[in-house]
Amino acid sequence: MGTRHNNFAPVLRLIAAVLSLSATASAIGVNYGTLGNNLPTPATVAKFLKTKTIIESVKLFNADPDILRAFAGSGLKVTVTIPNGLIPSLTKDDEARGWINDHIAPFYPKTKINRVLVGNEIMATLDDNLISNLVPAMKAVHRALVKAGIDDVQVTTAHAMGILKVSEPPSAGQFWPGHDVAVYAPMLQFLRETDAPFMVNPYSYFGYSPNYAPSIADYALFRPNRGVHDSHTNITYYNMFDAMMDAVYSAIKAMGYADVDIVVAETGWPSAGDPNQPACTVDNAISFNGNLLKAVTSGKGTPLMPNRKFETYIFSLFNENLKPGQSNERNWGLFRPDFSAVYDVGILKNKQSRPAPRPAPVAGKKSWCVPKASASDQALQANINYVCSQKGMDCRPIQAGGPCFGPNNVRSHASFVMNSFYRLNGARPFNCDFAGTGVVANSDPSHGSCKYM
């Protein structure tokens, strides 16, 4: 390529990447783990996902040939993962070619393999041998795919949030010194050159603690809260997921690679746990995963990545009864092994099969969400700010000239928008919590021309 083309290549590549990111369609995927002795056959799993759910892709923690064979012709995209222990050997081209010839070539393209992950959460292992060989192995695997004539399978890896030395405030996100130059700079350059994403596992669950103030628990669960302010950008974050994603973006941007796409490789919430795990409930799982799916598919993006949709893989497909540890480790699944839903947040195509852990209000039985008498104007203004920042919420009635503008005070305005949020989200009690400032009432607070839902 001539010199004059080289001068413009980085600019053209950046423009193309930005256009690609702005137009990226969301895809909902699921992590398909197999640590169970009661799980259905891969063939029945493939059929179920294809015919009964909106799931478009699956991520495997291995390259199980039975699963890859079963997904042939399904149209579902499949991501496979190379075991961590193989990374040092795969830096050698002949070893990488051997792995691709054994684990990818026999199934591709009948099985729609779209990515190969070189290991999982390697930085969290603190194993210098794995860490130093990660990027060379990624490059060798990519070369092996090209050598095999497979040029549309991306090569990347998935990261835990521990890759960041700084994650708060989000705008100050920063990789650990040393790894930033030695690992992430060459990795991000490789991802840019091959048009592959940076994959991350942002689990709000692990940022939750029952000892936190209720507002922080609500912050983790996408529930109404007062928000967490980033004084560097003057942005207030109303959920932990957005904050984590923006912290990762800030770290990548600081390295000069803001054009590299970010994919959510794992996230979710357990629906059951031991007595000392009070956060592990069906209601919490519905709140997190339901609002997560709305967030990543809405096109709203995050404060630092606006107008974006995010490819997202929920953890996990099934409850897995052989996973070690406490009970919550065995209860991350959207489905039981018999394909019955633990709960549904819009994954099933047949909405009538969606179970409700708490029944909706009985027809004719009316309820409204209003501020508690003890709630301060400051807290209620935070509730207004939160509700009116949500996609699909109409706060025009409380604006000047609107039917609910008067009386013109914070408590009255908060009452209207809190109730609107409560009703539009299923009228479940937790949607009227608002960090302890809301209460469900049985009397209609409508007045004059201001009609409450």
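## Close-up views of a predicted model

**Figure 1. Phe222 sits in the loop between helix H7 (214–220) and strand S9 (228–230).** Although Phe222 is not a glycine, its phi is positive, at about 65°. Is Phe222 buried or exposed? With a relative accessibility of 7%, Phe222 counts as buried.

**Figure 2. Glu121 lies in the loop between strand S4 (112–120) and H5.** Here is another non-glycine residue with a positive phi, this time of about 50°. The relative accessibility of Glu121 is 23%, so this residue counts as partly exposed, whereas Phe222 is buried at 7%.

**Figure 3. The whole chain, for orientation.** The protein has 453 residues, of which 50% count as buried. Its secondary structure comprises 11 helices and 14 strands. If we take the contacts between residues at least 6 apart in sequence, 71% of them join residues at least 24 apart. The mean pLDDT is 88, and 89% of the residues reach 70 or more. Two stretches call for a careful eye. One of them covers residues 1–24, where the pLDDT is below 50 and the model shows 11 contacts beyond near neighbours in sequence. The other covers residues 352–364, where pLDDT again stays under 50 and the model has 16 contacts beyond four places in sequence.

**Figure 4. Helix H4 (residues 93–103) packs against helix H5 (residues 128–147).** The two axes are 8 Å apart and meet at an angle of about 60°. How are H4 and H5 oriented to each other? At this angle, H4 and H5 are oblique to each other, and their crossing is right-handed. On the H4 side, the contact is made by Asp93, Ala96, Arg97 and Ile100. These residues meet Ala140, Val141, Arg143, Ala144, Leu145 and Lys147 of H5. Sorted by class, the residues of this contact are six nonpolar and four charged, with no polar ones.

**Figure 5. H5 also packs against helix H6 (residues 179–194).** In this view the axes of H5 and H6 lie 9 Å apart, at an angle of about 15°. An angle under 35 degrees counts as roughly parallel, so that is how H5 runs to H6. The crossing of H5 and H6 is left-handed. From H5, the contact draws on Ile131, Leu134, Val135, Met138, Lys139 and His142. H6 brings His179, Val183, Pro186, Met187, Phe190, Leu191 and Thr194. Which classes of residue make up the contact of H5 with H6? There are nine nonpolar, three polar and one charged.

**Figure 6. A cis peptide bond joins Glu168 and Pro169.** Omega for this bond is about -5°. To find Pro169, look in the loop between strand S6 (164–166) and strand S7 (174–175).

**Figure 7. Ser250 belongs to helix H8 (residues 240–254).** Which residues does Ser250 touch, leaving aside its neighbours within four places in sequence? Ser250 is in contact with Pro170, Ser171, Gly173 and Leu304. The relative accessibility of Ser250 is 9%, and Ser250 therefore counts as buried.

**Figure 8. The peptide bond from Phe315 to Ser316 is also modelled as cis.** Here omega is near 10°. Ser316 belongs to the loop between S12 and S13.

**Figure 9. Asn350 is placed in the loop between strand S12 (312–314) and strand S13 (368–371).** This is the loop that holds Ser316 as well. As for accessibility, Asn350 has a relative value of 44% and so counts as partly exposed.

Terms used:
Residues numbered from 1 in each chain as written. Predicted model: local features only at pLDDT ≥ 70, side-chain atom pairs only at ≥ 80, totals over all residues. Heavy atoms only, no water. pLDDT = per-residue confidence, 0-100. Contact = heavy atoms within 4.5 Å. Axes fitted to C-alpha atoms, helices over the stretch in contact; angles between N-to-C directions. Helix = DSSP H or I, 4+ residues; strand = E, 2+ residues; numbered from the N terminus. Parallel < 35°, antiparallel > 145°, perpendicular 65-115°, else oblique. Left-handed = near helix turned anticlockwise from the far one by under 90°. Nonpolar A, V, L, I, M, F, W, Y, C, P; charged D, E, K, R; others polar. Buried < 20%, exposed > 50% of the residue type's maximum accessible area, 1.4 Å probe, protein only.
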